[in-house]
Amino acid sequence: MASSTYIANIPRRSGVRVLYDRLRGGDEIAYLVTLACAVATLLIVALLVGELWINSQPTVKTFGWHFLTSSRWDPNSGNFGALPFIYGTCVTSFLALLIAIPLGVAASVFLAEMAPPKLSNILTFLIELLAAVPSVIYGLLGIFILVPLIRDYLVPVLTKLFGYLPIFSGDFYGVSFLSAGMVLAIMVVPFIVSVSREVLLAVPTDQREAALALGATKWETTWQIVIPNALTGIFGSIFLALARALGETMAVTMVIGNTPKITASLLSPGYSIAAVIANEFAEASGDLYVSSLMFLGLVLFGLTIIINAVARILILTTQKRGA
Amino acid sequence: MNPALIGSPSQPVTLSDAKLSAKDLSFYYGTFQALYNISLSIAPHKITAFIGPSGCGKSTFLRTMNRMNEILRNTRVEGELTLDGQDLLAMDVTTVRRRVGMVFQKSNPFPKSIFDNVAYGLRVNGMHKRSVVEEAVERSLTHAALWTEVKDKLNKPATALSGGQQQRLCIARALAVEPEVLLLDEPCSALDPIATLKIEELLFEIKSLTTIVIVTHNMQQAARLADYTGFFFMGKLVEFDDTRVMFQNPHKKETEDYITGRFG
Ligand SMILES: Nc1ncnc2c1ncn2[C@@H]1O[C@H](COP(=O)(O)OP(=O)(O)O)[C@@H](O)[C@H]1O
Ligand SMILES: [Mg+2]
């Protein structure tokens with residue numbers, strides 16, 4: 001009784017008052033602010049792509065799709081082709097993942113499932129610190145430590161055992177796809193380890209207990225139950241690593257050799273999209289040169305999106321099968 | 001009433017053909033003692049229920065019987081625990097867990113197909129022959145009263161089943177490895193009355209296959225289902241007896257108070 005009288009007695013308010021009151025409630029403000037931020041993010045990306053597209057028009061008009069399939073990059077004669085850079089970016093990133101995935105996933109399994117919690121926390125802290133090291137430092141490490149090691153120990157073994165394979169043929173001068181791939185691997189491992197460890201730790205205990213209660217060993221439980229449960233997250237960590245590897249500029253340019261060539265041998269020098277843009281933009285003369293570099297930027301953007309999409313589709317299909 | 005089955009700290013149980021038996025069993029989480037000198041025997045092919053207020057150590061005791069508590073750091077067991085007269089604490093732990101199965105409070109199917117869930121225990125114990133696995137899966141699902149509901153969708157994800165079905169699936173999964181003892185920790189606490197009834201019925205049916213130990217906070221459930229009931233309070237087994245005696249004529253005042261709802 002009392003409450004209905006109360007409701008009836010609420011004074012009518014003008015439209016502005018009502019709007020003000022509702023805004024004060026927070027929901028609308030939160031909605032508008034977050035919406036604005038989301039739109040702004042999209043807008044920035046759209047502007048970026050638009051700008052790259054407009055500025056790369058001279059190249060688009062001159063070469064068309066041929067730009068993507070041509071492997072000639074000769075600014076002096078006005079010939080521009082993106083293929084060596086696309087190739088270099090893909091090869092080094094693929095190599096990096098090939099090394100970093102097993103290493104990173106194994107390390108995260110150790111940290112999440114096997115190591116005592118204290119040790120695990122300390123090691124994880126140290127590994128996460130590695131993710132914060134500037135890439136130029138990795139480049140220096142690559143030049144002064146990794147490349148000599150590769151030259152003195154790894155390459156002799158590789159050429160002796162697998163020298164008949166095209167990918168390990170030819171001479172090795174230090175800077176190469178192999179060196180860039182390995183530096184990238186070291187750079188992306190921390191991402192894989194720290195994210196994968198988190199998702200492994202987040203697998204519910206009752207999943208482990210269910211397997212153990214059926215007589216599974218600890219390792220069987222980890223391998224057959226915990227890792228499949230965490231697979232989506234582990235893939236996520238690999239994406240992160242891939243995105244980093246595709247776009248990495250500084251460290252790669254310091255060890256890849258900056259030679260726009262397509263060769264099967266991982267021991268030869270090469271070039272990557274990010275590296276060529278960074279190296280040549282400042283001194284690029286002429287519209288076509290600049291616009292070709294712009295177009296390369298667009299290609300890198302597209303490449304990242306395509307590779308991510310493919311990887312995501314891959315995940316969805318494995319999940320469908322697994323679930 | 002069976003005087004041989006009365007168990008209390010002062011009066012340890014002796015039962016010559018006990019499936020499982022504990023003697024002066026104490027359990028510690030670090031420095032916290034969760035169980036105090038539990039002594040009792042679990043009769044084969046019977047249903048034994050444990051009741052008691054929450055936090056009194058029922059789950060701890062259950063998880064000591066398949067050594068699930070060993071996965072926690074800093075835990076310690078004292079006393080004796082035997083399975084068919086053999087020292088359970090000295091056996092290979094995977095063997096113990098295969099022989100003493102467990103169903104948990106919250107249903108926990110693997111994110112795999114219904115078939116693979118039930119087959120998991122067989123495969124992990126080395127049985128890969130397709131025909132044998134298929135047969136065991138059907139048998140287990142039948143015992144768990146789930147076969148008719150899922151036989152046409154064995155390849156569908158287990159997580160798509162309803163809560164009650166998931167719990168019966170977990171029972172089927174546990175039964176597939178033909179455990180000698182099946183431990184159930186409040187298996188119906190998240191289920192509606194109809195789903196609960198289904199599980200009670202099937203437990204009654206599978207008594208012939210295995211020895212059942214169930215923790216429940218539902219006293220009617222214990223009264224309906226169990227041949228023997230134990231009352232835990234503050235880490236101690238206060239009273240353990242024939243279910244009818246426990247509910248109609250308990251010897252200890254704490255038991256009576258708890259059963260009549262005067263505390264807990
Ligand atoms: N993992 C654990 N670590 C420390 N103490 C625990 C742990 N699990 C349970 N306990 C404690 O042990 C006692 C018994 O718990 P539990 O066996 O789960 O009781 P119940 O199943 O009867 O509710 C409680 O006091 C609880 O707080
Ligand atoms: Mg409990």
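User: Which helix does Thr159(A) lie in?
Analyst: Thr159(A) lies in helix H8 of chain A, residues 135-162. Helices (H or I, at least four residues) and strands (E, at least two) are DSSP runs, numbered from the N terminus.

User: What are the ground rules for this model?
Analyst: It is a predicted model: local features need pLDDT of at least 70, side-chain atom pairs count only at pLDDT 80 or more, and totals for chains, interfaces and linings use all residues. Residues are numbered from 1 along each chain as its sequence is written, chains are lettered from A and ligands numbered from 1 in the order in which they are written, and side-chain values use heavy atoms, with hydrogens and water left out.

User: Back to Thr159(A). How does its relative accessibility count?
Analyst: Thr159(A) counts as partly exposed, at 31% relative accessibility. Buried means under 20% relative accessible area, exposed over 50%, partly exposed in between (1.4 Å probe, protein chains only).

User: And what is Thr159(A) in contact with?
Analyst: Phe168(A) and Leu267(A), leaving aside neighbours within four places in sequence. Contact means heavy atoms within 4.5 Å.

User: How far apart are Thr159(A) and Gly25(A)?
Analyst: In space, 70 Å, C-alpha to C-alpha. In sequence, 134 residues.

User: How is chain A divided?
Analyst: Into domain 1 (13-52) and domain 2 (82-322). The bounds come from an automatic or database domain assignment. The C-alpha centres of domain 1 and domain 2 of chain A lie 38 Å apart.

User: How many helices and strands in chain A?
Analyst: Chain A has 14 helices and zero strands.

User: What radius of gyration does chain A have?
Analyst: Chain A has 26 Å, whereas a compact globule of 323 residues would have a value near 20 Å. The radius is taken over C-alpha atoms, and the globule rule is 2.2 Å times the number of residues to the power 0.38. The C-alpha atoms of chain A fill a box of roughly 95 × 65 × 35 Å along the principal axes.

User: Now chain B. How many helices and strands there?
Analyst: Chain B has 10 helices and 10 strands. Its radius of gyration is 18 Å, close to the 18 Å from the globule rule for 264 residues, so chain B is as compact as a globular protein of that length. Its C-alpha trace spans about 50 × 40 × 35 Å along the principal axes.

User: What about accessible surface and its carbon and sulfur share?
Analyst: Chain A comes to about 17,400 Å², with 72% belonging to carbon and sulfur atoms. Chain B comes to about 11,400 Å², with 50% from those atoms. The areas come from the Shrake-Rupley method with a 1.4 Å probe; for residues, only the protein chains shown count as cover.

User: Why is helix H10 of chain A largely enclosed?
Analyst: Seven of the eight residues in H10 (residues 205-212) of chain A are buried, so the rest of the structure largely encloses this helix. Among the buried ones are Asp206(A), Arg208(A) and Glu209(A).

User: Last one, Ser120(A). Buried or exposed?
Analyst: Ser120(A) is buried, at 3% relative accessibility. It lies in helix H7 (residues 117-131) of chain A. Leaving aside neighbours within four places in sequence, Ser120(A) is in contact with Leu111(A), Ala115(A) and Arg197(A).
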